[in-house]
Amino acid sequence: QVQLVESGGGSVQAGGSLRLSCAVSGYSDGRYCAGWFRQASGKEREGVATLDRSGITKYDDSVQGRFTISQDNAKETVYLEMNDLKPEDRGMYYCAAALTWLSAGWLLTHPSDFRSWGQGTQVTVSS
């Protein structure tokens, strides 16, 4: 059974940084694609960053150059390094994973192709 558990959320001032972690278990060989999505109050869920099984990453334009998605060597944890945070980055951040070979670009805008989701971690950015 696949399980994803996020951590690392919190409250920071604009310009600050946070690193989100997603502990992933249940994949026998660690070969999965992953993504980070966020949902602000009253808004729809949106893709933030994805990492496909080829190691290719894709970012939403709003976070390009500020956020970095990565995976540890053991492929047990997926990270989202967030720098220069802005108030519009606030929201609940969700980690997702799947075995699909779909591209990072496709996955960023098609969250339904992820089969497993974490419970989310809250990010608050004050101006």
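User: Where is the place of E88 in the chain?

Analyst: E88 sits in the loop between β8 (77-82) and β9. Helices (H or I, at least four residues) and strands (E, at least two) are DSSP runs, numbered from the N terminus. This is a predicted model, in which local features need pLDDT of at least 70, side-chain atom pairs count only at pLDDT 80 or more, and totals for chains, interfaces and linings use all residues. Residues are numbered from 1 along each chain as its sequence is written, and side-chain values use heavy atoms, with hydrogens and water left out.

User: Is E88 buried or exposed?

Analyst: Buried means under 20% relative accessible area, exposed over 50%, and partly exposed in between (1.4 Å probe, protein chains only). E88 has a relative accessible area of 54%, so this residue is exposed. From C-alpha to C-alpha, E88 lies 26 Å from S116, and the two are 28 residues apart in sequence.

User: How many helices and strands does the chain have, and what pattern does the chain follow along the sequence?

Analyst: The chain has one helix and 11 strands. Their order along the sequence is β-β-β-β-β-β-β-β-β-α-β-β.

User: Which cysteines does a disulfide join?

Analyst: A disulfide is a covalent bond between the sulfur atoms of two cysteines. The criterion here is a pair of cysteine sulfur atoms within 2.5 Å. One disulfide is counted by this rule: C22 is joined to C95, with an S to S distance of 2.2 Å. The pair links distant parts of the chain, with C22 in strand β3 (residues 18-25) and C95 in strand β9 (residues 91-98), 73 residues apart. Both C22 and C95 are buried.

User: Why is the disulfide of C22 and C95 described as left-handed?

Analyst: The disulfide is left-handed because the torsion about the S-S bond of C22 and C95 is about -85°.

User: What does the radius of gyration of the chain agree with?

Analyst: The radius of gyration is taken over C-alpha atoms, and the globule rule is 2.2 Å times the number of residues to the power 0.38. For 127 residues, a compact globule would have a value near 14 Å, and the 13 Å of the chain agrees. Of the 127 residues in the chain, 44% are buried.
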